[in-house]
Amino acid sequence: MTTTNSLALEELGSAAQRDRRRRILDATIELASRGGFDAVQMRAVAEKADVALGTLYRYFPSKIHLLVSALARQFEDTQAMVVRRPVPGDTPADRVIYVLKRATRGMQGDAHLTEALTRAFMFADASVATEIHVVGMQLTTMLTRAIHGEEYVEGAQPSEEDVLIARVISDVWLSALVSWVTGRSSAEEVSEHIEAAVRLVLR
């Protein structure tokens, strides 16, 4: 088992390196959108991103590292949406439900991509711990912002309680997405499950 991590954006010193990483993730998301998890092959990603296969492996040591990093990129986009305008809702539960339902609709709109990203997240082992941590912190920040609403302080460290609440809600949400991807739950059932869980946690 490898313990090598992906190269994070902040570790890339030049604009060319950051652009290369962006192209790799763009190629990964495009391939996953077309054919799901199985369509994301390292050689195909390298060709589409116009990088050497060896270069791709230096940035992302495995397909799972690559797809979990792509999931983090998707959550960055969701978080940017949350930052742009205040999240509607009179209570923390209302705001969290709004954010998660909006994110869920976006992911359900691209079933192949969501299948690829959730499968990678499920398959990730200890070697992908750094990438999983990035995803977790993005979800924690997104949910903490929604919980606190206008009282949220940009850049503030979440409290221990914030982290625990976000972890429980995130686990339920990702589990619900897996149920949808595998056909065990409908989109409506996923929405109802998420809302019930959030209201129980934040009542």
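## Charges and exposure in a predicted model

At 64% relative accessibility, aspartate 50 counts as exposed. Here, exposed means over 50% relative accessible area, buried means under 20%, and partly exposed lies in between (1.4 Å probe, protein chains only). This is a predicted model, in which local features need pLDDT of at least 70 and side-chain atom pairs count only at pLDDT 80 or more, while totals for chains, interfaces and linings use all residues. Residues are numbered from 1 along each chain as its sequence is written, and side-chain values use heavy atoms, with hydrogens and water left out.

Back to aspartate 50: it sits in the loop between helix H2 (42–49) and helix H3 (53–59). Helices are DSSP runs (H or I, at least four residues), numbered from the N terminus. Aspartate 50 is not a glycine, yet it has a positive phi of about 60°.

Now to the salt bridges. Side chains of opposite charge can pair when their charged atoms come close. The structure holds 11 salt bridges, each being a side-chain nitrogen of Lys or Arg within 4 Å of a carboxyl oxygen of Asp or Glu. Three of them are listed here.

| Pair | N to O distance |
|---|---|
| Arginine 22 and aspartate 19 | 2.4 Å |
| Arginine 145 and glutamate 154 | 2.5 Å |
| Arginine 199 and aspartate 94 | 3.0 Å |

The last pair links distant parts of the chain, with arginine 199 in helix H9 (residues 187–201) and aspartate 94 in helix H5, 105 residues apart. Arginine 199 is partly exposed at 35% relative accessibility, and aspartate 94 is partly exposed at 25%.

Arginine 22 and aspartate 19 both belong to helix H1, three residues apart, or about one turn of the helix.

Other arginines form a surface patch of positive charge: Arg84, Arg85, Arg102 and Arg105. Such patches take residues with over 30% relative accessible area and no salt bridge, and join like charges within 9 Å. Arginine 85 lies in the loop between helix H4 (63–84) and helix H5 (92–108) and is partly exposed, with a relative accessible area of 47%.

Finally, serine 14 is placed in the segment before helix H1 (15–35). A polar atom of the serine 14 side chain lies 3.1 Å from the backbone nitrogen of glutamine 17.

Conventions. Patch = residues over 30% accessible without salt bridge, like charges linked within 9 Å, V, L, I, M, F, W, Y side chains within 5 Å. Areas by Shrake-Rupley, 256 points an atom, 1.4 Å probe, with all protein chains shown as cover. Lys, Arg positive; Asp, Glu negative; His and termini not counted. Charge placed at Lys NZ, Arg CZ, Asp CG, Glu CD. Helix = DSSP H or I, 4+ residues; strand = E, 2+ residues; numbered from the N terminus. Polar contact = N/O pair within 3.5 Å; in protein donor to acceptor, adjacent residues only side chain to side chain.
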